[in-house]
Every structure is written in structure tokens, then in C-alpha cells.
Amino acid sequence: MIIMPVEEKRIWPFTLLILLLVVPLVAFAADDEALRQRASQILGPLPSAMPSEENPITPEKVRLGKILFYEPRISVDGTVSCSKCHPIALYAADGLRKAVGHNCKENPRNDPTVFNAASQISEHWIGNRTSVEDQAKQAVIGPPAFGMPSYESVEKVLRGYKQYETLFRAAFPSDKEPVTVDNFAKAIGAFERTLVTPAPFDAFLKGTADAMTAEQKKGLGTFIDQGCIGCHFSPYVGGQMYQKFGIFEPYEKYTKSEKVDEGRYAVTKSESDKYIFKVPVLRNAAMTPPYFHDGSVDKLTDAVWIMGKIQLGKDLPGEQVQDIVSFLHALTGEIPEEARTIPVLPSGE
């Protein structure tokens with residue numbers, strides 16, 4: 001009979017305990033790393049800004065753009081600014097089914113957030129604006145938006161304030177006449193190109209395993225496995241392609257839609273573009289209801305289930321819907337510190 005030394009008897013239970021604790025942790029860490037690698041290949045973390053070769057970001061442009069973002073006096077009734085439809089406190093969306101412009105005119109579609117929006121393939125649900133700069137320029141004369149009669153009328157208002165002359169000249173020092181609508185659009189665009197909102201998901205992708213909860217990680221896996229990433233890819237989780245809304249079933253079957261929107265057909269007049277919309281960015285989706293182009297769905301859980309039915313042809317069970325919703329909450333980011341303060345607008349002459 002072999003007698004085990006006392007020291008080894010004491011070590012064995014302790015070693016077993018360590019193995020029981022460490023081996024699952026190693027497996028868990030391996031699972032996290034595999035999920036992180038999958039997500040990194042398809043999605044990826046947000047950049048620090050969304051630059052443009054045509055409109056380089058400068059501090060002077062951003063400062064001016066932020067002020068102009070809050071300027072209502074360039075609307076026909078003096079009430080509409082960019083911030084009216086994109087209030088920062090509501091994660092740069094307005095919480096309405098459809099945006100409201102000058103003289104309480106209803107816009108044709110729901111107002112998407114301008115956070116993380118500048119790197120999309122286009123702006124607006126139907127892609128009728130090529131960039132955030134183009135959107136800003138066209139909005140000031142848009143009939144349901146600012147409603148100004150001409151670009152010249154906008155420039156006349158801005159030139160009426162000496163402080164704007166100073167701000168525009170600082171932002172566009174090489175221009176002989178810097179106060180123009182084109183420069184207005186560039187300043188707004190430069191400001192919006194800084195509006196990125198890094199979220200727990202980004203920290204997870206960069207290696208912080210506990211930045212997301214277990215439920216959120218499970219939801220990320222479900223989001224990938226169920227095929228949501230077929231349209232919602234890139235660091236912005238969308239915004240990079242056009243897609244028919246209602247591939248397997250008409251969307252209005254499950255929503256409170258008042259009428260069927262023909263989508264990009266309004267822009268191209270091509271039959272193949274009927275019911276085609278830009279795939280929306282899902283960053284901060286949990287903070288920006290209601291959902292879809294017509295704001296016809298109020299709850300995120302309902303929106304996820306409907307998307308499964310009409311886009312994937314799947315009746316997602318409640319557990320999977322909730323998993324995906326949990327992941328979407330991990331996309332709720334931090335509003336940039338500089339964007340949280342409201343500027344004082346020029347006054348007097």
C-alpha cells in the first residue's frame with residue numbers, strides 16, 4: 001500500500017478547485033474572443049470622426065456648424081433649425097412619427113438621428129441627399145422643412161449679423177465672400193461629422209470582454225446568426241445599402257402605416273426601386289423610437305419581430321427577439337461632450 005504524503009493530500013483538493021474554476025473561464029474567454037472576431041469582421045468599431053476629402057473638418061468649421069445647427073432665423077417662420085428635428089437630448093432624433101417643419105407642416109417620413117450618419121451612402125430614407133452637406137443645403141429651401149424662398153434669402157439673413165461674418169471668415173479664410181449657403185452646408189456637415197457615439201459594443205470589439213453583458217453578447221450572436229447583418233453591416237450597423245422593405249411580406253400588414261410608401265421610386269421613377277429604402281443605421285436605436293420610415297412602430301421589440309417576419313421570413317421566438325434587443329442596447333453610445341452644450345446665437349447687427 002502506497003501512502004500519499006500529507007502535503008499532496010492537501011494540495012489535491014485545492015488543485016481540483018482551481019481547475020473547476022479556471023477551465024470554464026478559459027472556455028468563456030475563448031467564446032468571447034470568437035464572437036469578438038466574428039463581429040469585428042462584419043461590423044467593426046466606430047472611428048473617432050467621419051471625415052470628408054471634399055469638406056475637411058476644422059475646429060473653426062465645427063464651431064460655426066454647431067451654432068448654425070441651432071439657428072432658426074433662416075427658416076420662413078423663424079422657428080425651424082436643425083436642432084428642432086434633431087434635438088441632441090433625444091439622441092438627435094425628434095421622437096415624432098414624422099418630423100414637423102415650418103408652420104407645423106408634416107414631413108413625409110420619420111426623422112432619423114444625425115448621430116453617426118455622415119458615413120452613410122446617402123441621407124434620407126430614400127437617398128435623395130448625397131451627404132450631410134447636401135442635406136443641410138437643401139433643407140433650408142425644402143418646402144416642408146425650413147421653407148425659405150431662395151438661397152439668397154438665407155444668405156441675406158446670415159449677413160445681417162456681424163458675428164456671423166466673423167465666424168464664417170474664420171472658418172473659410174480663403175473665400176472672398178465666406179457667408180454663402182455652400183459654406184453654411186459645409187459648416188453644418190463638419191459639425192455633424194464629429195457626432196460619433198462610441199458604445200459598449202465598441203469597447204467589446206476593442207478587447208474589453210465585460211463591456212457587454214452576457215445577454216448582449218448572446219444577442220450579438222443571434223443578430224449575426226439570424227442574418228440581420230446581411231443588411232446591417234459596417235461600424236454603423238447599417239446605412240451602406242438600399243433594400244426592399246417587405247421582402248417576404250408587406251410591412252403594412254404588421255404596422256400602423258396609413259399608406260404604402262413607394263420609397264426610392266419617388267427619386268428614380270424606376271419600377272425596380274418601388275418600396276426600396278436605405279437600410280437605417282442601428283446605432284442608438286434603443287433611444288430613437290418610433291421606428292421605420294413612417295414611424296409606425298413604437299416599441300423596439302415589435303420592430304425586431306416585424307423585421308424578422310418581413311425581411312428574413314422568420315417568426316423569431318420571443319427569446320431571440322429579446323436577445324437582439326439586448327444587443328441593440330449595447331449600441332447606445334455616449335453623446336460627445338462638446339455636443340451637449342447649447343451655443344448662444346449671434347444677436348444685434
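Guide: Let's start with C82. Its sulfur sits 8.6 Å from the closest cysteine sulfur, the one in C85, and that's too far for a bond. A disulfide is a covalent bond between the sulfur atoms of two cysteines, and the cut-off used here is a sulfur pair within 2.5 Å. C82 is also buried, with a relative accessible area of 12%. Search the whole structure and you find zero disulfides. Do keep in mind that this is a predicted model.

Now for the helices. Two packed helices are described by the angle between their axes and the distance between the axes. Take helix α2, residues 59-69, and helix α6, residues 162-171: their axes come within 8 Å and cross at roughly 145 degrees. The crossing of α2 past α6 is left-handed. On the α2 side, the contact is made by E60, K61, R63, L64, I67 and L68, and α6 brings Y164, L167, F168, A170 and A171. Sort those residues by type and you get eight nonpolar, no polar and three charged.

Helix α2 has another partner, α7. Here the axes are 7 Å apart and the angle is about 100 degrees, which makes α2 roughly perpendicular to α7. From α2, the residues involved are K61, V62, L64, G65, K66, L68 and F69; they meet F184, A187, I188, A190, F191 and E192 of α7. This contact divides into nine nonpolar residues, one polar and three charged. Notice that K61, L64 and L68 turn up in the α6 contact and in the α7 contact as well.

Helix α7, residues 181-192, also takes the buried residues of α4 against it. Those α4 residues are V132, E133, D134, A136 and A139, in a helix that covers 132-139.

Stepping back to the whole chain, there are 12 helices and two strands. Reading from the N terminus, the order is α-α-α-α-α-α-α-α-α-β-α-β-α-α. The C-alpha trace spans about 105 × 50 × 30 Å along its principal axes. Of the 349 residues, 49% count as buried. And among contacts with a separation of 6 or more, 68% come from residues 24 or more positions apart.

Key
Residues are numbered from 1 along each chain as its sequence is written. This is a predicted model: local features need pLDDT of at least 70, side-chain atom pairs count only at pLDDT 80 or more; totals for chains, interfaces and linings use all residues. Side-chain values use heavy atoms; hydrogens and water are left out. Axes are lines fitted to C-alpha atoms, for helices over the stretch in contact, and angles run from 0 to 180 degrees between N-to-C directions. Helices (H or I, at least four residues) and strands (E, at least two) are DSSP runs, numbered from the N terminus. A crossing is left-handed if the near helix is turned anticlockwise from the far one by less than a right angle, and right-handed if clockwise. Contact means heavy atoms within 4.5 Å. Ala, Val, Leu, Ile, Met, Phe, Trp, Tyr, Cys and Pro count as nonpolar, Asp, Glu, Lys and Arg as charged, and the others, Gly among them, as polar. Buried means under 20% relative accessible area, exposed over 50%, partly exposed in between (1.4 Å probe, protein chains only). Angles under 35 degrees count as roughly parallel, over 145 as roughly antiparallel, 65 to 115 as roughly perpendicular and the rest as oblique.
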